[in-house]
Amino acid sequence: MRLPLEFAPRSDRNRTLDARVKPDAHVGGGWFDERMTDVELHPWAEDDLDLLRRANTHELMDQLGGPENDEQVQARHERYLRMWREGTGWQFRVTIPGHPEGVGIVGYWPHDWHGEPALESGWSIESEYRGRGIAPAAVIAMLDAARAVGATLPVHAYPRVDNPASNAVCRKAGFRLLGEEEFEVKPGVVLHTNDWVVDLVEPAVEPVERVEFPRA
Ligand SMILES: CC(C)(COP(=O)(O)OP(=O)(O)OC[C@H]1O[C@@H](n2cnc3c(N)ncnc32)[C@H](O)[C@@H]1OP(=O)(O)O)[C@@H](O)C(=O)NCCC(=O)NCCS
C-alpha cells in the first residue's frame with residue numbers, strides 16, 4: 001500500500017475537510033460544524049518521536065493501558081516507521097496551519113474483528129488544540145487516504161464508553177455504533193469500550209432475484 005508523502009485534503013474533497021464550508025453541512029456521512037479545522041496528514045517520519053513523547057501523558061495513554069517509559073515510546077516510534085515500510089500499519093502526524101510539528105496522531109492498522117479481516121483506527125489530539133474539530137477532520141482525511149490507496153475493509157474504533165470526546169469523534173466522522181465490547185488493548189489490559197465501524201466502500205447492491213412469470 002502506498003500513500004503520497006504529504007496527504008493533504010484533495011480539492012474536490014474540500015467540502016468534507018475544510019472548516020470554512022457552511023456550518024452543519026451533512027457531507028458523506030459525517031456531521032460538520034463551524035469549529036472544523038483545516039488539517040493535513042503526514043505519514044509517520046523520523047522526526048515524529050517528539051510528537052509521540054508529547055502524547056505519552058496519562059490522559060492520552062490511559063486509553064491505551066497507561067503511559068510508557070521512554071524506551072517503550074522509542075520502540076513504538078520505530079514500530080510506526082517499520083509498519084509504514086512493511087505496509088502493516090499507517091500512523092500519521094496531524095498538522096494544522098502554523099503547526100508543522102504536529103498537534104496529534106491518527107492511524108489505522110489491520111484488525112481481526114471476531115474472525116473477520118478488518119481495520120482498526122485510533123487518534124489523539126494534544127490538549128491545547130482540542131475542541132476545534134481537529135480529530136474528526138483528521139479521521140475523515142485518514143479514511144479518504146485509506147480509500148485512495150484502495151483499502152476496502154471496514155474500519156473499527158474502540159473508544160472507552162466513558163470517553164465522550166472520542167465517541168463524539170466517531171459519530172462526527174461517520175462511524176456507526178455496533179454496541180459495547182470488552183476490548184483487550186494490550187495483553188492483560190481489557191477496557192470497556194464501544195465498537196464503532198465505518199465502511200470504506202458503498203455496500204454492494206443485492207442482485208434482484210430472478211422472477212419467473214407463469215406462461216399465459
Ligand atoms: C478524543 C480527542 C481526540 C478529540 O479531539 P478533538 O480534536 O478535541 O475533537 P472535537 O473538537 O471534535 O471534540 C470532540 C468532543 O470533545 C469535547 N470537547 C469540546 N471542547 C473541548 C475542549 N476544549 N477540551 C476537551 N474536550 C472538548 C466535546 O464533547 C466534543 O464533542 P462535541 O463537539 O459533540 O461537543 C481528544 O479529546 C483526545 O486526544 N483525547 C485523549 C485521547 C483519546 O481519548 N483518544 C481516543 C482513544 S479511542
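Modeller: A word on labels: helices are DSSP runs of H or I with at least four residues, strands are DSSP runs of E with at least two, and both are numbered from the N terminus. This is a predicted model, in which local features need pLDDT of at least 70 and side-chain atom pairs count only at pLDDT 80 or more, while totals for chains, interfaces and linings use all residues. Residues are numbered from 1 along each chain as its sequence is written.

Colleague: How many helices and strands does the protein have?

Modeller: Six helices and nine strands.

Colleague: And what is the mean pLDDT of the protein?

Modeller: The mean is 84, and 78% of the residues reach 70 or more. pLDDT is the predictor's confidence in each residue, from 0 to 100.

Colleague: On to the ligand. Which helix gives the most to the shell around it?

Modeller: H6, with six residues. Helix H3 (58-61), S6 and H5 also supply at least two residues each. There are 22 residues around the ligand, and Arg 130, Gly 131, Ala 135, Ala 165 and Ala 168 come nearest. To count, a residue needs its C-beta atom, placed from the backbone, within 6 Å of the molecule.

Colleague: How do the residues of that shell divide into nonpolar, polar and charged?

Modeller: Eleven are nonpolar, seven polar and four charged. Ala, Val, Leu, Ile, Met, Phe, Trp, Tyr, Cys and Pro count as nonpolar, Asp, Glu, Lys and Arg as charged, and the others, Gly among them, as polar.

Colleague: Stay with H6. Which of its residues are buried?

Modeller: Ser 166, Val 169, Cys 170 and Lys 172 are buried. Buried means 20 or more other C-beta atoms within 10 Å of the residue's own, exposed means 12 or fewer, and partly exposed is in between, with C-beta atoms placed from the backbone. Just after H6, Gly 174 has a positive phi of about 95 degrees.

Colleague: What about the protein's largest nonpolar core: which residues touch the most other members?

Modeller: Leu 41, Val 94, Val 106, Ile 134, Ala 138, Val 139 and Met 142, out of 38 residues in that core. H5 gives the most, with eleven residues. A nonpolar core is a set of buried Ala, Val, Leu, Ile, Met, Phe, Trp, Tyr and Cys residues joined through C-beta atoms within 7 Å.

Colleague: What does Val 94 touch?

Modeller: Beyond four places in sequence, its contacts include Leu 41, Val 106, Ile 134 and Ala 138.

Colleague: Why is S4 described as largely enclosed?

Modeller: Because seven of its seven residues are buried. Trp 90, Phe 92, Val 94 and Ile 96 cover one side, and Gln 91, Arg 93 and Thr 95 the other.

Colleague: Which strands does S4 pair with?

Modeller: Strand S3 (residues 40-43) is joined to S4 by four bridges, and the two run antiparallel. S4 is joined to S5 by six bridges, also antiparallel. Strands pair if DSSP finds at least two bridges between them. His 42 stands opposite Arg 93 in S4, and Gln 91 has Gly 107 in S5 as its bridge partner. S4 and S5 form a hairpin with two residues between them, and Gly 98 in the turn has a positive phi of about 85 degrees.

Colleague: Is His 114 buried or exposed?

Modeller: Exposed, because it has 7 C-beta neighbours inside 10 Å. His 114 is in the loop between S5 and S6, and its phi is near 50 degrees, a positive value in a residue other than glycine. Most residues other than glycine have a negative phi.

Colleague: Last one. Where is Val 161 found?

Modeller: In the loop between S7 and H6. Val 161 is partly exposed because it has 13 C-beta neighbours inside 10 Å. Val 161 and Thr 193 are 32 residues apart in sequence, and 4.9 Å separates them C-alpha to C-alpha. Setting aside neighbours within four places in sequence, Val 161 contacts Glu 180, His 192, Thr 193 and Asn 194.

Terms used: Contact = placed C-beta atoms within 7 Å.
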